[in-house]
Amino acid sequence: GGTLQVTAKAVNGREADQPAYMRVRVFDADGQGVTEFCSAPELVPAGGARVANLAGDVPGVAPWSPSQPTLYSVEVVLLAGGEEVDSRTMRTGFRGIVAQGGRLLLNGEPLTLTGFDRHEDLPAVAMAEDLDTVRRDLRSMREAGANFVRLCHYPHHPDELDLCDELGLLAMGEIPLYWWRGEAEG
């Protein structure tokens, strides 16, 4: 099994306090429900916000690895006044990464990282996101035997990380370089 931890912020734009709670559902690749858990209702003040933290066990999950990039869909729903007011669905894999005795362990097994560095700048689109090119590049890396990609010193599009999970690539996101000598540029 695995453990899932979700943190969400509920903002109440209404003129009255509103009780709200969060529901989390986890689905396997076939869309079958694996588990569901809910937070306790909390009063969100008018014009205010509350942060909810929710954790639950997810039984029977297959661990994610480069050779078996098993992903699950996680649906997070905010409910207030008896109705769904917001939701988001994202994919995730369940994995454990530990550095121990000079080795990197993925799900308890030794792992050697082999991979590439990837920038987003392309002659055709400059720094604009081009997910078709990203997918092609990441697939080429996997075909070359990579299990790892270093995403360079600026925030990459979240879909790029999702593609890494889907294709079985561990990803390292660097600290953004726009902080130079301790000062924000621009």
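## Salt bridges

A salt bridge is a side-chain nitrogen of Lys or Arg within 4 Å of a carboxyl oxygen of Asp or Glu. The structure is a predicted model, in which local features need pLDDT of at least 70 and side-chain atom pairs count only at pLDDT 80 or more, while totals for chains, interfaces and linings use all residues. Residues are numbered from 1 along each chain as its sequence is written, and side-chain values use heavy atoms, with hydrogens and water left out.

The whole structure contains 12 salt bridges. One of them joins the side chains of R95 and D165, at 3.1 Å from N to O. This pair links distant parts of the chain, with R95 in the loop between strand 7 and strand 8 and D165 in helix 2, 70 residues apart. Helices (H or I, at least four residues) and strands (E, at least two) are DSSP runs, numbered from the N terminus. R95 is partly exposed at 31% relative accessible area, whereas D165, at 16%, is buried. Here buried means under 20% relative accessible area, exposed over 50%, and partly exposed in between (1.4 Å probe, protein chains only).

A salt bridge also joins R23 and E84, at 3.0 Å from N to O. R23 belongs to strand 2 and E84 to strand 7, 61 residues apart. R23 is buried, with a relative accessible area of 9%, and E84 is partly exposed at 48%. In a further bridge, R135 and E166 meet at 2.8 Å, N to O. R135 lies in helix 1 (residues 131–143) and E166 in helix 2, so the pair ties together parts that are 31 residues apart in sequence. Both ends are partly exposed, R135 at 25% and E166 at 27%. R135 and E166 also belong to a network of salt bridges that includes R91 and D162.

The structure holds one aromatic pair. Y72 and F94 form this pair, edge-to-face, with 5.5 Å between centres and 75 degrees between planes. Y72 lies in strand 6 (residues 72–80) and F94 in the loop between strand 7 (83–92) and strand 8 (97–100), so the pair ties together parts that are 22 residues apart in sequence. Both residues are buried. Rings of Phe, Tyr and Trp (its six-membered ring) pair if their centres lie within 6.5 Å; planes under 30 degrees apart count as stacked, over 60 as edge-to-face and the rest as tilted.

R95 also lies over the face of W64, at 4.4 Å from the ring centre. A charge sits over a ring if NZ of Lys or CZ of Arg is within 6 Å of the ring centre and within 35 degrees of the ring normal.

## Pockets

A pocket, on a 1 Å grid over the protein atoms alone, is an open set of points where a 1.4 Å probe fits, with protein on both sides within 12 Å along at least five of seven lines; lining residues have an atom within 4 Å of a point. A volume is the space filled by probe spheres set on the points, which are joined across faces, edges and corners.

The largest pocket holds about 370 Å³ of space. Its lining has 24 residues, and A8, K9, A10, M22 and L78 lie nearest its centre. Strand 1 gives the most to this lining, with six residues. The second largest pocket holds about 280 Å³. Among the 15 residues that line the second largest pocket, R88, M90, R91, T92 and D162 are the closest to its centre.
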